[in-house]
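Please read the following report alongside the sequence and the 3D view. It goes from the whole chain to single residues.

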Amino acid sequence: MNYKSTRDKSINITSAQAIAQGLSTEGGLFVPDALPKITENDVLALCDKSYADRAFDIFKLFLTDFTDEEIRNCVTKAYGDNFDTESIAELSHLLTGTYILELWHGPTCAFKDMALQILPHLLTVSAKKTVPDKEIAILVATSGDTGKAALEGFKNVEGTTISVFYPEEGVSDMQKRQMATQEGNNVFVCAVKGNFDDCQNGVKAIFTDKEISKALEENGIMLSSANSINWGRLCPQIVYYISAYADLVKNEEIKYGEKINIVVPTGNFGNILAAYYAKEMGLPVNKLICASNANNVLTDFIKTGVYDKNRKFYTTVSPSMDILISSNLERLLYHLSGEDTELINKWFGLLKDEGKYEVSPQVKEKISQLFYAGCCSDDDTKAAINDCFDSYSYLMDTHTAVAYKVYSDYKKETGDETKTVIASTANPYKFGAAVYSAVGGDCSGLDEFTIIEKLEEKTGTTIPQPLAATKNKEVRFKGVIEREAMPKAVTDFLNNQK
(Lines give C-alpha, C1' and ligand atoms only; values in the text may rest on other atoms or scores of the structure.)
Protein backbone atom coordinates (compact mmCIF):
# COMPACT_ATOMS: atom_id res chain seq x y z
CA MET A 1 0.00 0.00 0.00
CA ASN A 2 1.26 3.44 -0.94
CA TYR A 3 0.12 6.90 0.13
CA LYS A 4 -1.01 9.90 -1.88
CA SER A 5 -1.35 13.60 -1.10
CA THR A 6 -4.74 15.26 -0.98
CA ARG A 7 -3.34 18.19 -2.98
CA ASP A 8 -0.96 16.61 -5.52
CA LYS A 9 -1.99 13.50 -7.46
CA SER A 10 1.58 12.89 -8.65
CA ILE A 11 2.80 12.01 -5.15
CA ASN A 12 3.02 8.28 -4.38
CA ILE A 13 5.09 7.23 -1.35
CA THR A 14 5.43 4.43 1.19
CA SER A 15 3.87 4.44 4.65
CA ALA A 16 7.31 4.94 6.19
CA GLN A 17 7.85 8.05 4.06
CA ALA A 18 4.37 9.36 4.95
CA ILE A 19 4.93 8.87 8.68
CA ALA A 20 8.44 10.31 8.68
CA GLN A 21 7.42 13.38 6.66
CA GLY A 22 4.07 14.00 8.39
CA LEU A 23 2.79 16.65 5.97
CA SER A 24 3.25 16.78 2.21
CA THR A 25 5.53 19.57 1.00
CA GLU A 26 2.70 21.43 -0.77
CA GLY A 27 0.54 21.31 2.35
CA GLY A 28 -1.56 18.26 1.53
CA LEU A 29 -2.28 15.35 3.86
CA PHE A 30 -1.25 11.78 3.15
CA VAL A 31 -3.98 9.17 2.59
CA PRO A 32 -3.86 5.47 1.61
CA ASP A 33 -4.10 4.82 -2.13
CA ALA A 34 -6.86 2.31 -1.33
CA LEU A 35 -8.51 1.30 1.93
CA PRO A 36 -8.09 -2.36 2.90
CA LYS A 37 -11.22 -4.37 3.63
CA ILE A 38 -12.04 -6.39 6.74
CA THR A 39 -14.43 -9.33 6.67
CA GLU A 40 -16.61 -11.11 9.20
CA ASN A 41 -13.90 -13.72 9.68
CA ASP A 42 -11.32 -10.98 10.29
CA VAL A 43 -13.41 -9.37 13.04
CA LEU A 44 -14.35 -12.70 14.65
CA ALA A 45 -10.67 -13.63 14.72
CA LEU A 46 -9.95 -10.50 16.74
CA CYS A 47 -12.46 -11.32 19.48
CA ASP A 48 -10.16 -13.48 21.58
CA LYS A 49 -6.99 -11.47 20.93
CA SER A 50 -5.33 -8.84 23.11
CA TYR A 51 -5.47 -5.19 22.10
CA ALA A 52 -1.82 -5.31 20.98
CA ASP A 53 -2.54 -8.34 18.79
CA ARG A 54 -5.59 -6.62 17.30
CA ALA A 55 -3.47 -3.58 16.53
CA PHE A 56 -0.83 -5.79 14.92
CA ASP A 57 -3.39 -7.34 12.55
CA ILE A 58 -4.79 -3.97 11.50
CA PHE A 59 -1.42 -2.25 11.14
CA LYS A 60 -0.30 -5.02 8.79
CA LEU A 61 -2.99 -3.88 6.36
CA PHE A 62 -1.68 -0.31 6.26
CA LEU A 63 2.08 -0.58 6.87
CA THR A 64 3.01 -2.97 4.07
CA ASP A 65 6.60 -1.74 3.90
CA PHE A 66 7.15 -2.68 7.58
CA THR A 67 8.18 -6.20 8.51
CA ASP A 68 6.01 -8.24 10.86
CA GLU A 69 8.80 -8.04 13.41
CA GLU A 70 8.91 -4.24 13.19
CA ILE A 71 5.14 -3.91 13.67
CA ARG A 72 5.12 -6.45 16.50
CA ASN A 73 7.89 -4.58 18.29
CA CYS A 74 5.98 -1.29 17.97
CA VAL A 75 2.66 -2.59 19.31
CA THR A 76 4.30 -4.51 22.15
CA LYS A 77 6.07 -1.37 23.38
CA ALA A 78 2.98 0.80 22.94
CA TYR A 79 0.20 -1.25 24.54
CA GLY A 80 1.35 -2.81 27.79
CA ASP A 81 1.66 -1.89 31.46
CA ASN A 82 1.83 1.82 30.53
CA PHE A 83 -1.99 1.58 30.51
CA ASP A 84 -3.90 1.02 33.75
CA THR A 85 -6.25 -1.58 32.30
CA GLU A 86 -5.39 -4.84 30.57
CA SER A 87 -7.96 -4.22 27.83
CA ILE A 88 -6.25 -0.87 26.96
CA ALA A 89 -9.53 0.55 25.57
CA GLU A 90 -12.18 -0.17 28.21
CA LEU A 91 -15.80 -0.60 27.09
CA SER A 92 -18.30 0.39 29.81
CA HIS A 93 -22.00 -0.46 29.55
CA LEU A 94 -23.84 2.73 30.44
CA LEU A 95 -27.45 1.71 29.81
CA THR A 96 -29.33 -0.60 27.48
CA GLY A 97 -27.71 -0.36 24.07
CA THR A 98 -25.32 2.49 24.97
CA TYR A 99 -21.63 1.94 25.63
CA ILE A 100 -18.79 4.26 26.66
CA LEU A 101 -15.47 3.52 24.96
CA GLU A 102 -12.94 4.71 27.55
CA LEU A 103 -9.87 5.80 25.63
CA TRP A 104 -8.11 7.49 28.54
CA HIS A 105 -6.41 4.70 30.48
CA GLY A 106 -2.93 5.62 29.22
CA PRO A 107 -0.15 7.60 30.93
CA THR A 108 -1.63 11.07 30.27
CA CYS A 109 -5.30 10.14 30.86
CA ALA A 110 -6.50 11.17 27.39
CA PHE A 111 -7.42 9.36 24.16
CA LYS A 112 -4.35 10.79 22.45
CA ASP A 113 -2.30 8.13 24.28
CA MET A 114 -3.91 5.47 22.08
CA ALA A 115 -1.96 6.85 19.13
CA LEU A 116 0.91 8.72 20.74
CA GLN A 117 2.23 5.76 22.69
CA ILE A 118 2.90 4.01 19.38
CA LEU A 119 3.76 6.92 17.07
CA PRO A 120 7.34 7.39 18.39
CA HIS A 121 8.05 3.73 17.63
CA LEU A 122 6.45 3.94 14.16
CA LEU A 123 8.38 7.13 13.48
CA THR A 124 11.69 5.69 14.64
CA VAL A 125 11.29 2.71 12.29
CA SER A 126 10.12 4.98 9.46
CA ALA A 127 13.09 7.33 9.88
CA LYS A 128 15.57 4.44 9.77
CA LYS A 129 13.99 3.28 6.51
CA THR A 130 13.79 6.68 4.82
CA VAL A 131 16.18 9.23 6.40
CA PRO A 132 18.67 7.16 8.41
CA ASP A 133 21.18 9.99 8.84
CA LYS A 134 18.75 12.65 10.07
CA GLU A 135 17.36 13.75 13.38
CA ILE A 136 13.57 14.18 13.51
CA ALA A 137 12.20 17.43 14.94
CA ILE A 138 8.56 16.97 15.97
CA LEU A 139 6.31 20.04 15.93
CA VAL A 140 2.95 19.97 17.70
CA ALA A 141 0.10 22.42 18.07
CA THR A 142 -2.26 21.38 20.85
CA SER A 143 -5.60 22.36 22.30
CA GLY A 144 -4.64 20.43 25.42
CA ASP A 145 -4.38 16.66 25.29
CA THR A 146 -2.21 16.05 22.20
CA GLY A 147 0.61 18.11 23.67
CA LYS A 148 1.08 16.13 26.85
CA ALA A 149 0.53 12.79 25.14
CA ALA A 150 3.10 13.63 22.47
CA LEU A 151 5.60 14.90 25.03
CA GLU A 152 5.22 11.74 27.08
CA GLY A 153 5.56 9.54 24.00
CA PHE A 154 8.65 11.26 22.60
CA LYS A 155 10.55 12.21 25.77
CA ASN A 156 14.16 11.04 25.55
CA VAL A 157 13.48 9.08 22.33
CA GLU A 158 16.85 8.88 20.62
CA GLY A 159 17.16 10.84 17.37
CA THR A 160 14.14 13.06 18.05
CA THR A 161 13.21 16.38 19.61
CA ILE A 162 9.71 17.67 20.25
CA SER A 163 8.36 21.24 20.41
CA VAL A 164 4.80 21.81 21.65
CA PHE A 165 2.76 25.01 21.38
CA TYR A 166 -0.55 25.57 23.18
CA PRO A 167 -2.94 28.57 23.47
CA GLU A 168 -2.12 30.52 26.61
CA GLU A 169 -5.70 30.69 27.88
CA GLY A 170 -7.13 27.77 25.89
CA VAL A 171 -6.34 24.69 28.01
CA SER A 172 -7.42 23.53 31.46
CA ASP A 173 -5.23 24.16 34.49
CA MET A 174 -4.41 20.46 34.69
CA GLN A 175 -3.53 20.22 30.99
CA LYS A 176 -1.25 23.25 31.35
CA ARG A 177 0.42 21.80 34.42
CA GLN A 178 0.95 18.44 32.72
CA MET A 179 2.80 20.13 29.87
CA ALA A 180 4.71 22.69 31.94
CA THR A 181 6.14 19.98 34.22
CA GLN A 182 7.13 17.62 31.40
CA GLU A 183 10.36 15.74 31.94
CA GLY A 184 12.86 14.86 29.23
CA ASN A 185 16.04 16.27 27.70
CA ASN A 186 14.62 16.65 24.18
CA VAL A 187 11.38 18.51 24.90
CA PHE A 188 10.27 22.14 24.56
CA VAL A 189 6.89 23.64 25.56
CA CYS A 190 5.63 27.17 25.00
CA ALA A 191 2.33 29.02 25.32
CA VAL A 192 1.13 31.19 22.43
CA LYS A 193 -0.96 34.34 22.70
CA GLY A 194 -4.11 33.39 20.78
CA ASN A 195 -6.22 30.29 20.25
CA PHE A 196 -5.54 26.79 18.98
CA ASP A 197 -5.98 27.80 15.36
CA ASP A 198 -3.18 30.35 15.83
CA CYS A 199 -0.92 27.57 17.13
CA GLN A 200 -1.93 25.20 14.34
CA ASN A 201 -1.43 27.81 11.62
CA GLY A 202 1.92 28.71 13.13
CA VAL A 203 3.10 25.10 12.99
CA LYS A 204 1.87 24.67 9.40
CA ALA A 205 3.69 27.87 8.42
CA ILE A 206 6.96 26.46 9.80
CA PHE A 207 6.46 23.24 7.83
CA THR A 208 6.01 25.12 4.55
CA ASP A 209 8.75 27.72 5.14
CA LYS A 210 11.45 26.82 2.62
CA GLU A 211 14.15 28.85 4.35
CA ILE A 212 13.62 27.02 7.63
CA SER A 213 13.53 23.66 5.84
CA LYS A 214 16.79 24.47 4.04
CA ALA A 215 18.54 25.55 7.26
CA LEU A 216 17.40 22.43 9.08
CA GLU A 217 18.39 20.24 6.12
CA GLU A 218 21.91 21.63 6.31
CA ASN A 219 22.02 20.61 9.98
CA GLY A 220 20.73 17.10 9.33
CA ILE A 221 17.26 17.77 10.78
CA MET A 222 13.90 16.81 9.29
CA LEU A 223 10.59 18.24 10.48
CA SER A 224 7.68 15.95 11.25
CA SER A 225 4.40 16.17 13.13
CA ALA A 226 2.67 14.33 15.95
CA ASN A 227 -0.67 15.99 15.25
CA SER A 228 -3.35 13.94 13.54
CA ILE A 229 -2.22 15.38 10.20
CA ASN A 230 0.41 12.60 10.51
CA TRP A 231 -0.88 9.26 9.21
CA GLY A 232 1.01 7.55 12.02
CA ARG A 233 -1.35 9.33 14.45
CA LEU A 234 -4.54 8.58 12.56
CA CYS A 235 -3.98 4.91 11.73
CA PRO A 236 -3.83 3.78 15.41
CA GLN A 237 -7.19 5.46 16.00
CA ILE A 238 -8.86 3.16 13.48
CA VAL A 239 -7.84 0.24 15.67
CA TYR A 240 -9.95 1.07 18.71
CA TYR A 241 -13.21 1.31 16.78
CA ILE A 242 -12.68 -2.11 15.23
CA SER A 243 -11.54 -3.43 18.62
CA ALA A 244 -14.69 -2.05 20.31
CA TYR A 245 -16.89 -3.81 17.78
CA ALA A 246 -14.98 -7.06 18.39
CA ASP A 247 -15.55 -6.63 22.14
CA LEU A 248 -19.29 -6.13 21.62
CA VAL A 249 -19.42 -9.34 19.59
CA LYS A 250 -17.27 -11.21 22.10
CA ASN A 251 -19.46 -10.08 25.02
CA GLU A 252 -22.59 -11.10 23.09
CA GLU A 253 -23.92 -7.55 23.13
CA ILE A 254 -24.35 -7.78 19.34
CA LYS A 255 -24.05 -10.38 16.61
CA TYR A 256 -21.61 -9.79 13.79
CA GLY A 257 -23.27 -7.74 11.07
CA GLU A 258 -25.43 -5.76 13.48
CA LYS A 259 -24.73 -2.08 12.84
CA ILE A 260 -23.72 0.35 15.57
CA ASN A 261 -23.69 4.12 15.82
CA ILE A 262 -20.44 5.83 16.83
CA VAL A 263 -20.55 9.19 18.64
CA VAL A 264 -17.37 11.26 18.74
CA PRO A 265 -16.68 14.64 20.38
CA THR A 266 -14.31 16.29 17.94
CA GLY A 267 -12.74 19.57 16.94
CA ASN A 268 -9.99 18.67 14.48
CA PHE A 269 -12.06 15.84 12.91
CA GLY A 270 -9.31 13.22 13.32
CA ASN A 271 -11.02 10.96 15.84
CA ILE A 272 -14.27 10.73 13.90
CA LEU A 273 -12.38 10.40 10.61
CA ALA A 274 -10.79 7.21 12.01
CA ALA A 275 -14.32 5.90 12.64
CA TYR A 276 -15.21 6.77 9.03
CA TYR A 277 -12.20 4.79 7.81
CA ALA A 278 -13.28 1.79 9.93
CA LYS A 279 -16.74 1.99 8.37
CA GLU A 280 -15.30 2.21 4.86
CA MET A 281 -13.13 -0.82 5.59
CA GLY A 282 -16.30 -2.81 6.22
CA LEU A 283 -17.05 -2.38 9.91
CA PRO A 284 -20.86 -2.47 10.30
CA VAL A 285 -21.56 1.17 11.22
CA ASN A 286 -24.92 2.89 10.86
CA LYS A 287 -24.37 6.58 11.66
CA LEU A 288 -21.32 8.62 12.57
CA ILE A 289 -22.45 11.28 15.06
CA CYS A 290 -20.21 14.35 15.20
CA ALA A 291 -20.49 16.26 18.50
CA SER A 292 -19.26 19.86 18.87
CA ASN A 293 -19.27 22.45 21.64
CA ALA A 294 -20.11 26.15 21.12
CA ASN A 295 -17.41 26.25 18.41
CA ASN A 296 -19.88 24.54 16.12
CA VAL A 297 -18.21 25.03 12.74
CA LEU A 298 -18.41 21.29 12.01
CA THR A 299 -22.08 21.08 12.97
CA ASP A 300 -22.93 23.89 10.57
CA PHE A 301 -20.77 22.39 7.83
CA ILE A 302 -22.29 18.92 8.03
CA LYS A 303 -25.79 20.42 7.96
CA THR A 304 -25.23 23.00 5.20
CA GLY A 305 -22.14 22.05 3.19
CA VAL A 306 -20.66 25.49 3.95
CA TYR A 307 -17.48 25.66 6.01
CA ASP A 308 -17.15 29.14 7.48
CA LYS A 309 -14.53 29.90 10.12
CA ASN A 310 -15.44 33.59 10.11
CA ARG A 311 -17.27 33.46 13.41
CA LYS A 312 -16.77 34.17 17.08
CA PHE A 313 -14.29 31.88 18.83
CA TYR A 314 -15.44 30.57 22.22
CA THR A 315 -13.25 29.42 25.10
CA THR A 316 -15.27 26.59 26.63
CA VAL A 317 -15.15 23.97 29.40
CA SER A 318 -14.29 21.43 26.68
CA PRO A 319 -11.12 23.17 25.46
CA SER A 320 -9.71 20.33 23.37
CA MET A 321 -12.56 21.03 20.94
CA ASP A 322 -12.07 24.80 20.81
CA ILE A 323 -11.10 24.74 17.14
CA LEU A 324 -12.37 26.56 14.05
CA ILE A 325 -10.10 24.95 11.43
CA SER A 326 -10.62 21.18 11.35
CA SER A 327 -7.54 19.93 9.51
CA ASN A 328 -8.59 16.32 9.01
CA LEU A 329 -11.76 17.31 7.19
CA GLU A 330 -9.52 17.68 4.15
CA ARG A 331 -8.98 13.92 4.05
CA LEU A 332 -12.72 13.20 4.15
CA LEU A 333 -13.44 15.68 1.36
CA TYR A 334 -10.66 14.20 -0.75
CA HIS A 335 -12.32 10.80 -0.57
CA LEU A 336 -15.89 12.04 -1.03
CA SER A 337 -14.94 14.23 -4.01
CA GLY A 338 -13.55 11.24 -5.89
CA GLU A 339 -9.95 12.13 -5.02
CA ASP A 340 -10.23 15.43 -6.89
CA THR A 341 -7.05 17.30 -5.93
CA GLU A 342 -8.10 20.36 -7.95
CA LEU A 343 -11.26 20.72 -5.89
CA ILE A 344 -9.33 20.23 -2.65
CA ASN A 345 -6.84 22.93 -3.62
CA LYS A 346 -9.71 25.23 -4.57
CA TRP A 347 -11.69 24.72 -1.35
CA PHE A 348 -8.75 24.96 1.01
CA GLY A 349 -7.32 27.89 -0.91
CA LEU A 350 -10.63 29.67 -0.30
CA LEU A 351 -10.46 28.70 3.38
CA LYS A 352 -7.00 30.23 3.66
CA ASP A 353 -7.82 33.41 1.68
CA GLU A 354 -11.46 34.03 2.63
CA GLY A 355 -12.08 31.75 5.60
CA LYS A 356 -14.95 30.02 3.84
CA TYR A 357 -15.84 27.47 1.14
CA GLU A 358 -18.85 25.45 0.03
CA VAL A 359 -18.70 21.86 -1.19
CA SER A 360 -20.59 20.54 -4.19
CA PRO A 361 -24.17 19.23 -3.83
CA GLN A 362 -22.92 15.70 -4.50
CA VAL A 363 -20.37 15.85 -1.66
CA LYS A 364 -22.91 17.46 0.66
CA GLU A 365 -25.34 14.60 0.02
CA LYS A 366 -22.68 11.99 0.78
CA ILE A 367 -21.85 13.77 4.04
CA SER A 368 -25.50 13.85 5.12
CA GLN A 369 -25.82 10.11 4.49
CA LEU A 370 -22.76 9.32 6.61
CA PHE A 371 -22.95 11.87 9.43
CA TYR A 372 -25.27 13.46 11.93
CA ALA A 373 -24.02 16.59 13.67
CA GLY A 374 -25.00 18.45 16.81
CA CYS A 375 -23.54 20.86 19.34
CA CYS A 376 -24.17 22.06 22.87
CA SER A 377 -23.37 24.92 25.23
CA ASP A 378 -21.25 24.84 28.38
CA ASP A 379 -24.43 24.81 30.48
CA ASP A 380 -25.73 21.80 28.54
CA THR A 381 -22.35 20.11 28.91
CA LYS A 382 -22.38 20.48 32.69
CA ALA A 383 -26.02 19.38 32.86
CA ALA A 384 -25.08 16.24 30.91
CA ILE A 385 -22.30 15.44 33.40
CA ASN A 386 -24.71 15.83 36.29
CA ASP A 387 -27.47 13.83 34.58
CA CYS A 388 -25.17 10.93 33.75
CA PHE A 389 -23.72 10.83 37.26
CA ASP A 390 -27.17 11.03 38.90
CA SER A 391 -28.66 8.41 36.59
CA TYR A 392 -25.84 5.89 36.28
CA SER A 393 -23.19 6.87 38.88
CA TYR A 394 -20.87 7.36 35.93
CA LEU A 395 -18.57 10.41 35.96
CA MET A 396 -17.55 11.75 32.57
CA ASP A 397 -15.36 14.61 31.44
CA THR A 398 -16.57 17.70 29.61
CA HIS A 399 -15.79 16.40 26.11
CA THR A 400 -17.50 13.06 26.61
CA ALA A 401 -20.45 15.01 28.05
CA VAL A 402 -20.75 16.94 24.78
CA ALA A 403 -21.03 13.61 22.95
CA TYR A 404 -23.54 12.31 25.53
CA LYS A 405 -25.77 15.39 25.08
CA VAL A 406 -25.60 15.38 21.27
CA TYR A 407 -26.41 11.67 21.21
CA SER A 408 -29.44 12.32 23.47
CA ASP A 409 -30.58 14.98 21.01
CA TYR A 410 -30.04 12.58 18.08
CA LYS A 411 -32.19 9.90 19.70
CA LYS A 412 -35.00 12.36 20.41
CA GLU A 413 -34.86 13.70 16.87
CA THR A 414 -34.64 10.39 15.03
CA GLY A 415 -35.99 7.71 17.37
CA ASP A 416 -33.03 5.57 16.31
CA GLU A 417 -32.53 2.68 18.76
CA THR A 418 -29.35 1.35 17.12
CA LYS A 419 -26.81 0.25 19.70
CA THR A 420 -24.31 3.04 20.14
CA VAL A 421 -20.69 3.52 21.21
CA ILE A 422 -19.73 6.92 22.63
CA ALA A 423 -16.03 7.73 22.45
CA SER A 424 -14.86 8.98 25.85
CA THR A 425 -11.79 11.07 25.22
CA ALA A 426 -10.44 12.10 28.63
CA ASN A 427 -10.51 11.30 32.31
CA PRO A 428 -12.85 13.71 34.17
CA TYR A 429 -10.04 14.77 36.54
CA LYS A 430 -8.27 16.53 33.67
CA PHE A 431 -11.07 19.10 33.84
CA GLY A 432 -11.63 19.08 37.57
CA ALA A 433 -13.14 22.54 38.07
CA ALA A 434 -15.78 22.15 35.36
CA VAL A 435 -16.68 18.61 36.41
CA TYR A 436 -16.80 19.44 40.13
CA SER A 437 -19.09 22.42 39.53
CA ALA A 438 -21.25 20.27 37.23
CA VAL A 439 -21.99 17.83 40.07
CA GLY A 440 -22.82 20.65 42.49
CA GLY A 441 -19.41 21.57 43.91
CA ASP A 442 -18.24 25.10 44.67
CA CYS A 443 -14.79 25.90 43.25
CA SER A 444 -14.59 29.44 44.65
CA GLY A 445 -11.10 30.24 45.91
CA LEU A 446 -9.84 26.68 45.48
CA ASP A 447 -6.71 25.60 43.63
CA GLU A 448 -6.85 22.79 41.08
CA PHE A 449 -5.55 20.11 43.46
CA THR A 450 -8.00 20.98 46.22
CA ILE A 451 -10.77 20.85 43.63
CA ILE A 452 -9.91 17.37 42.40
CA GLU A 453 -9.54 16.12 45.98
CA LYS A 454 -13.06 17.41 46.67
CA LEU A 455 -14.30 15.84 43.43
CA GLU A 456 -12.88 12.51 44.55
CA GLU A 457 -14.58 12.82 47.92
CA LYS A 458 -17.93 13.90 46.48
CA THR A 459 -18.18 11.25 43.74
CA GLY A 460 -16.37 8.27 45.23
CA THR A 461 -14.15 8.09 42.15
CA THR A 462 -10.34 8.09 42.17
CA ILE A 463 -7.81 10.66 41.02
CA PRO A 464 -5.55 8.99 38.40
CA GLN A 465 -2.00 8.66 39.65
CA PRO A 466 -0.40 10.48 36.67
CA LEU A 467 -2.48 13.58 37.42
CA ALA A 468 -1.95 13.48 41.17
CA ALA A 469 1.81 13.19 40.58
CA THR A 470 2.02 16.57 38.83
CA LYS A 471 1.37 18.36 42.14
CA ASN A 472 4.97 18.12 43.29
CA LYS A 473 6.73 18.32 39.92
CA GLU A 474 8.90 21.27 38.94
CA VAL A 475 7.37 23.72 36.46
CA ARG A 476 9.99 23.78 33.69
CA PHE A 477 8.27 25.75 30.92
CA LYS A 478 6.81 29.21 31.57
CA GLY A 479 7.31 30.97 28.21
CA VAL A 480 4.54 32.87 26.39
CA ILE A 481 5.10 34.21 22.85
CA GLU A 482 3.27 35.75 19.91
CA ARG A 483 2.44 33.42 17.02
CA GLU A 484 4.96 35.24 14.80
CA ALA A 485 7.74 34.23 17.21
CA MET A 486 7.12 30.49 16.84
CA PRO A 487 9.72 29.88 14.07
CA LYS A 488 12.47 31.54 16.12
CA ALA A 489 11.44 29.60 19.25
CA VAL A 490 11.77 26.33 17.34
CA THR A 491 15.12 27.15 15.70
CA ASP A 492 16.56 28.46 18.98
CA PHE A 493 15.52 25.26 20.75
CA LEU A 494 17.00 23.05 18.03
CA ASN A 495 20.25 25.04 18.00
CA ASN A 496 20.53 24.59 21.77
CA GLN A 497 20.09 20.82 21.36
CA LYS A 498 23.36 20.50 19.43
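## Basis of the report

This is a predicted model, in which local features need pLDDT of at least 70 and side-chain atom pairs count only at pLDDT 80 or more, while totals for chains, interfaces and linings use all residues. Residues are numbered from 1 along each chain as its sequence is written, and side-chain values use heavy atoms, with hydrogens and water left out.

## Overall fold

The protein chain contains 22 helices and 15 strands; helices (H or I, at least four residues) and strands (E, at least two) are DSSP runs, numbered from the N terminus. The radius of gyration is 21 Å, close to the 23 Å from the globule rule for 498 residues, so the chain is as compact as a globular protein of that length. The radius is taken over C-alpha atoms, and the rule is 2.2 Å times the number of residues to the power 0.38. The C-alpha trace spans about 60 × 55 × 45 Å along its principal axes.

Of the contacts between residues at least 6 apart in sequence, 75% join residues at least 24 apart. Contact means heavy atoms within 4.5 Å.

## Surface and charges

Of the 498 residues in the protein chain, 61% are buried. Buried means under 20% relative accessible area, exposed means over 50%, and partly exposed lies in between (1.4 Å probe, protein chains only). The chain exposes about 18,800 Å², and carbon and sulfur atoms supply 45% of that area. Accessible areas come from the Shrake-Rupley method with a 1.4 Å probe; for residues, only the protein chains shown count as cover.

There are 52 positive and 69 negative charges, and their mean positions are 2 Å apart. Lys and Arg count as positive and Asp and Glu as negative, without His and the chain ends. The place of a charge is taken as NZ of Lys, CZ of Arg, CG of Asp or CD of Glu.

## Salt bridges

Side chains of opposite charge can pair when their charged atoms come close. A search of the whole structure finds 17 salt bridges, each being a side-chain nitrogen of Lys or Arg within 4 Å of a carboxyl oxygen of Asp or Glu. One of them joins Asp53 and Arg72, at 2.6 Å from N to O. Asp53 is in helix α3 (residues 51–62) and Arg72 in helix α4 (residues 68–78), so this pair ties together parts 19 residues apart in sequence. Asp53 is partly exposed at 28% relative accessible area, and Arg72 is partly exposed at 33%.

Helix α4 also holds Glu70, whose side chain meets that of Lys129 in a salt bridge (3.0 Å, N to O). Lys129 lies in helix α6 (residues 119–130), so the pair ties together parts that are 59 residues apart in sequence. Lys488 and Asp492 form another bridge, with their closest N and O atoms 2.6 Å apart. Both lie in helix α22 (residues 486–496), 4 residues apart, about one turn of the helix. Lys488 is exposed at 54%, whereas Asp492 is partly exposed at 31%. Salt bridges also link Lys148, Glu152 and Lys155 in a network.

## A buried residue

Val402 belongs to helix α18 (residues 398–414) and is buried, with a relative accessible area of 0%. Leaving aside neighbours within four places in sequence, Val402 is in contact with residues including Ala291, Ser318, Met321 and Cys376. Val480 is 78 residues from Val402 along the chain, and their C-alpha atoms are separated by 30 Å.
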